[in-house]
Every structure is written in C-alpha cells, then in structure tokens.
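Subject: Structure handover

Hello,

Here is the structure I said I would pass on. My notes on what was found in it come after.

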Amino acid sequence: MPTSTPVQFEPDALRASIARMMATRPSRMYLTHYSVVGRDAADVERLAALLVAQIDEMEAIALRLKDAPDRHAALKRELLALYQRRAIAHCGERMPPTRVAALLAMDVELNAQGLGIWLDRQR
C-alpha cells in the first residue's frame, strides 16, 4: 500500500521512482519496515504494477473529492473502500471488510491527512 502520510504524497515523483527502480529489472525488492517481496523479476513487475495502479486510484480519489464539503471524512471513506477491495482481491473472503477497517484504521487516517495536504498544495 503506498503511503500518503502528511507531506509525503507526491504521486508523480513516486511513479518516477518506481519506474527508475524497475528499470534495473530486480528479482526482489526489500521494503523499509517490512521485508523482501517478489519471487522473481516477473513477480516484482506484477507487484510494481499493482502499486502504481493504487497510486493512480488514490490520486483520482483525492482529485474527485478536492472540494467535498467534509473532505477529510470523504477521503477516509473512499480510502477504506479502496483498501477493502484490494484486500478482498488479494486474500479473498479470509479478510472481511471489518477486519481490514480495524487493521488499517491508522493508515486510513494518516493517508487521508496526507492526501488533503497534497490537495492543498495543488491550489
């Protein structure tokens, strides 16, 4: 899940960074505060594509809600819905939406704050 915590979300720079790393055709990636991901170069490519698609979705959500009356609450609702769809796609029904909401409550809050700050900087 890409982070958009306050003052960190720069979707164009993030996509460019991913493209730069993927240009080396890595067989694995080591993520900060996580571990290794990817079984081989094709798997890393697949994961990078999923990450870029999620960045695109988060940017689209933010832009669609930029003038929403209660923007922060709307961003939280839409981000949670996105993360729930992604979890179901990845885990199937083993990860019910309520569990995703509980596990990612802090991430949803911080990412909504970050998207709001990014939107404010666009003005």
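The buried residues of helix α3 in this predicted model are Arg71, Ala74, Leu75, Leu79, Leu82, Tyr83, Gln84, Ala87 and Cys91. An α-helix has 3.6 residues a turn, so residues three or four places apart point the same way. What do the buried residues of α3 pack against? Their partners are three other helices: α2 (41–64), α4 (97–103) and α5 (105–122).

Helix α3 itself covers residues 71–91, which makes 21 residues. From first C-alpha to last it reaches 30 Å, close to the 30 Å expected at 1.5 Å a residue. Gly92 follows α3, and its phi is positive, near 70 degrees.

Next, the aromatic rings. The structure holds one aromatic pair. Phe9 and Trp118 form this pair, with 5.4 Å centre to centre and 80 degrees between the planes, which makes the arrangement edge-to-face. The pair links distant parts of the chain: Phe9 belongs to the segment before α1 and Trp118 to helix α5, and 109 residues separate them. Are the two partners buried or exposed? Phe9 counts as buried because its relative accessibility is 1%, under the 20% cut-off. Trp118 is buried as well, since its relative accessible area is 4%.

Arg15 sits in helix α1, which spans residues 11–22. Arg15 has a relative accessibility of 19%, and because the limit for buried is under 20%, Arg15 counts as buried. Leaving aside neighbours within four places in sequence, which residues does Arg15 contact? They are Val52, Ile55, Asp56 and Glu59.

Last, the largest pocket. Its volume is about 1,800 Å³. The lining consists of 42 residues, and those nearest the centre of the pocket are Met1, Pro2, Leu31, Leu51 and Gln54. At least two lining residues come from each of α1, β1 (29–30), α2, α3, α4 and α5. Which element gives the largest share of the lining? That is α2, with eight residues. Sorted by class, the lining has 28 nonpolar residues, nine polar and five charged.

Regards

Technical notes
Residues are numbered from 1 along each chain as its sequence is written. This is a predicted model: local features need pLDDT of at least 70, side-chain atom pairs count only at pLDDT 80 or more; totals for chains, interfaces and linings use all residues. Side-chain values use heavy atoms; hydrogens and water are left out. Helices (H or I, at least four residues) and strands (E, at least two) are DSSP runs, numbered from the N terminus. Buried means under 20% relative accessible area, exposed over 50%, partly exposed in between (1.4 Å probe, protein chains only). Contact means heavy atoms within 4.5 Å. The expected span of a helix is 1.5 Å times one less than its number of residues. Rings of Phe, Tyr and Trp (its six-membered ring) pair if their centres lie within 6.5 Å; planes under 30 degrees apart count as stacked, over 60 as edge-to-face and the rest as tilted. On a 1 Å grid over the protein atoms alone, a cavity is a set of points where a 1.4 Å probe fits but cannot get out, and a pocket is an open set with protein on both sides within 12 Å along at least five of seven lines; lining residues have an atom within 4 Å of a point. Grid points are joined across faces, edges and corners, and a volume is the space filled by probe spheres set on the points. Ala, Val, Leu, Ile, Met, Phe, Trp, Tyr, Cys and Pro count as nonpolar, Asp, Glu, Lys and Arg as charged, and the others, Gly among them, as polar.
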